[in-house]
Amino acid sequence: MLSANLLLFICLSYVALLFLVAFVVDRRAQRDRIGWLQSPLVYTLSISIYCTSWTFYGAVGSAARSGLEFATIYLGPTLVFVGWWWILRKLVRIGRLHRITSIADLISSRFGKSPTLAVFVTLIAVIATTPYIALQLQSVTLSYRVISGNTEAAGLNDGVTAFWVAAGMALFTILFGTRNVTANERHHGVVAAIALEALVKLFALIAVGLFAIYGVAGGLSEVFSRVTPEMLHADEVFGSRWIALTFLSATAIICLPRQFQVTVVENVDEKHLATASWLFPLYLVMLSVFVLPIAVAGLIQMPVGSNPDMFVLTLPLSTGQEGLAAFAFIGGFSSATSMVIVAAIALSTMVSNHIVMPVALKVSQSDYYTSGDVRRLLLTSRRISIAAILMLGFIYFRLTGGSEGLASIGLIAFAGTAQVLPGAVGGVMWRGATRYGALAGLAAGFAAWAYMLLIPSFRAEYAVIDAFVALGPWGIDMLRPEAFLGVSILDPLVHALFWSLSANTLLFVIVSLVTNPTPLERLQGALFVDVFRMRPGEPPRVIHRTAPVEDLFVLAQRILGAEPARLLFRDIARSQGIHDGLPNADDAFVSRLERELAGSVGAASAHAMVSQVAGGGTISLTELMEIADETAQILEYSQQLTEKSAELESTARQLRDANTKLQKLSAQKDDFLSQVSHELRTPMTSIRSFSEILLETPDVHSERAQRFLSIINEECLRLTGLLNEILDLSFLESGKVSWTLVPVDPEAALDRALDSISVLAEKNGVRIDIVERAGNVFVMADFGRLTQVFLNILNNSVKYNTVDTPRIEVRSRLQEGNYVVSITDNGPGIPASDSETIFSKFGRGGGRQDVGGSGLGLAISREILRKFEGDVVLVADSGPGATFEIRLPASK
Amino acid sequence: MNAPRDPDLARRKFNDAGLVLPIAGTFLLMPPFIRVFVTDSFIFGIPVIIVYLFSVWFALILVAWWLAGPLREAMQSDPTDTSDTEPPAA
């Protein structure tokens, strides 16, 4: 046993550590240095407040009593989280978009910002959570008593312990949970502290689990060899209770106010949910794996009749492991405190937003927004609510005396919060749900729950209630709370769940079908149900309202505080293009302001306030109806439109590209045609003039006539050659050429070309020097065409060489796997600026028209070589003359 | 022409997988199916039902982990960043 003083010291040090963590993080948050805090890991750890002391101590007790049944409490949340794509994703998106502050706010906001619903859900939440808080107090006091060896004689009784625990938690929650009325109710310090607590409780349970397996039982196989089918209750556990409990825990992870707080409200990035979808189930399974071994080891080790709920503590204690016991105690303490803190924050937000604010609005109806500080009112009411909620839990704990097993209190609380499920999930999935449907369902479900579960839970303390449960009210057997209308379901929990949820869902659906939603309800319904169809950015704005912008500014200051309100208004003004002064109070602005305020005071209160300032009562009903219908339709078609317009855009882009290409081609064609006509006109002109002379002067000297005729003939030959080359080029360019490339000896082709050119060279007095030969090589080509290429280039070199002693050097060699022929002349050379134009059609170098030749030779040569996968280029800076280089890949 | 590389199709498939996973989990973990594994035999010295229960549990987590990446990609980037209007603490 640990001494009470030591234990107290450990506890206080741990609490001091939590205060320090929360304090430091809050300080850093003020300076925006909390990057790591917004990680998916911290988010997941904060969700693990699901695992309260009920898990920590109660799961082992449940496993010892009913075998595998304990697993259902963690299977439900596992299924919800791995199925996050269904519902959690939607809730988080809605929560972020509409600045939802609590589960009550969600339901109220969905059903036309109804204050009645908000109050109702808040009350249910408070009533259902009170036993749960009492449960945490009980587990802390019980564990304290166990670990300190029942020190009532030492002056500490359960009541005193519980009171100080409750007071400490209230202090922590007030200090770090109500520092400000932030836009989205985020509490960085608290989240950091509960993330730390999540780790502590996980490691504590794992430590005890490992000790149970290896320290007590002596190995894994030892543990399970003691497991009998009776211990697992395998035969009877997989019945209706298995399904009911899994369903209940799945509901709880969505609907419990504290779970909604950490999963939806405190969410900083939707994508964190993707990580939590597997990490949180992993956390649950890590805890669950060790529950059964601890239970088995406890049953082996501990004397018959000891409380299995305390095995986590008593197992290490009984073997003298006091350090481990203290660690386990801190783990249990962590799980209790983290749950109570977050539950108190969530509930106090609900109470202040949905009960205190509306009452304050009613009381000072005339002029509430210019008098009194709404912020202070909110904070004060939250602080008082926290103290009151913890006090309620303490009172419940004293009243029931903490007699029941931990698990059953927890299940009663779960069943109470489950009544919120049809309204919440039905509301975000079904557009036809109405406020009256939600109210009727909630009322029926809540009544059935109170009648069949909550009241019977006091039967052990009060004889009246025991008689009431056993015989029914006024002795009417048909109305017995545990066998209503004679339905005999053995398990009271399954019985109550069956009746309450059936009545709840049925009334919700039927009343929704027979009532008509108000226009605002229809609008909110469309916005919630179709939240994923909305374009990113603003939700479609809605109601036509006008207000003096100064009044709105005063209102915002009262709620958000002076500086934040100023920043918000400045932002909005800038987005409207106004750089100085207040923004225009248009519809979008009023809607946005309402949403921002909703993040602090809840949707219903924000709506009431803004409507009063902005004259919400003056909207005509038909106008609202039209807006609601329009919005629904717009949402429906917007997605299709988005898809269609994307499709159209891409088609248009392709068309534009094609058009540009066509225009370019057309310009090239015009260019070519004009050049061709120009080339054809010169010979035609001379043919025409000479033939005219011959026709008009009959007595032309026959010798002269002969000369004229020979000129005409020459020009005709030139024309034919030109036309042949044009045809050849167009044939090459059309891509219809399909030569069969065969290995040819390029040296032979070069020889043939040199032979052909020798006559012309001699005539022009050009000397051709063969400087270097490649020798034995083959390329893939067509012999005739290759010869044509060589001839073309030699021809150019001869014709364009106008110096006094014209000379041409021919080299052929192998270079990096290519067969290269370079033909160098000592002519006037080609300016670098012309190095590409000479290869285009009719692109004679230097604009020279004086030498015969079509101007197509180089274009044709390049076209041919490219078909052989080679090329011809003009070598840059190769001296006074020009050097052409012909390259072809040599074949192996 | 659009079959396996169509990113839309792939995304839809992951969407559907995300929706089917909890249904499959429910089927595997609820009676009557789970009763198939209620036997007196042992695997590695551990009762079959325990091995089955935790294997399904871990498998669900594994599949969820595998789906988390593509689904995270599929989520649209934040429509409204709420932190920009958050006032500094009082």
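**From one strand to two chains**

In this predicted model, A:Val872 has A:Ile886 as its bridge partner in strand 7 of chain A. Another bridge into strand 7 of chain A pairs A:Val873 with A:Glu885. Both belong to the pairing of strand 6 (residues 871-874) of chain A with strand 7 of chain A, an antiparallel pair joined by four bridges.

Strand 7 of chain A also pairs with strand 5 (residues 818-825) of chain A; these two run antiparallel and are joined by seven bridges. How enclosed is strand 7 (residues 883-889) of chain A? Five of its seven residues are buried, so the rest of the structure largely encloses this strand.

These pairings are part of an open sheet of five strands in chain A, in the order 2-4-5-7-6, with mixed pairing. Which strands stand at the edges? They are strand 2 (767-772) and strand 6 of chain A; each has a single partner strand, so one side of each is left without a neighbour in the sheet. On average, and ignoring direction, neighbouring strands of this sheet are turned by 20° against each other. Helix 32 (residues 783-799) of chain A packs on the sheet, where it touches strand 4 (807-815), strand 5 and strand 7 of chain A. The direction of helix 32 makes about 20° with that of strand 5 of chain A.

In soluble globular proteins, nonpolar side chains tend to be buried together. The largest nonpolar core here has 228 residues, and A:Ile294, A:Val312 and A:Ala415 have the most contacts inside it. Helix 17 (residues 322-363) of chain A contributes the most to this core, with 21 residues. Around A:Ala415, once neighbours within four places in sequence are left aside, the contacts are A:Leu248, A:Trp449, A:Leu453, A:Leu493, A:Ala496, A:Leu497 and A:Ser500. Another core lies apart from the largest one; this core has 35 residues, including A:Ala761, A:Tyr819, A:Val821 and A:Phe884.

A helix pair in chain A can be followed in the same way. Helix 3 (residues 53-66) and helix 7 (residues 115-147) of chain A pack at an angle of about 65°, and their axes are 10 Å apart. Their crossing is left-handed. From helix 3 of chain A, A:Ser53, A:Trp54 and A:Tyr57 take part, meeting A:Leu135, A:Gln136, A:Ser139, A:Val140 and A:Ser143 of helix 7 of chain A. By class, the residues of this contact are four nonpolar, four polar and no charged.

The last part of the picture is the second chain. Chain B has two helices and two strands, which follow the pattern α-β-β-α along the sequence. Of its 90 residues, 20% count as buried.

How many residues of each chain are in contact across the interface? The contact involves 48 residues of chain A and 41 residues of chain B. Several helices of chain A give two or more residues to its side, among them helix 4 (72-82), helix 5 (88-97), helix 13 (240-255) and helix 26 (562-575). Helix 15 of chain A gives the largest share, eight residues. The side of chain A that touches chain B has 27 nonpolar, 13 polar and eight charged residues.

Conventions
Residues numbered from 1 in each chain as written. Chains lettered and ligands numbered in written order. Predicted model: local features only at pLDDT ≥ 70, side-chain atom pairs only at ≥ 80, totals over all residues. Contact = placed C-beta atoms within 7 Å. Nonpolar A, V, L, I, M, F, W, Y, C, P; charged D, E, K, R; others polar. Axes fitted to C-alpha atoms, helices over the stretch in contact; angles between N-to-C directions. Left-handed = near helix turned anticlockwise from the far one by under 90°. Buried ≥ 20, exposed ≤ 12 C-beta atoms within 10 Å, placed from the backbone. Pairing = 2+ DSSP bridges. Core = buried A, V, L, I, M, F, W, Y, C linked by C-beta atoms within 7 Å.
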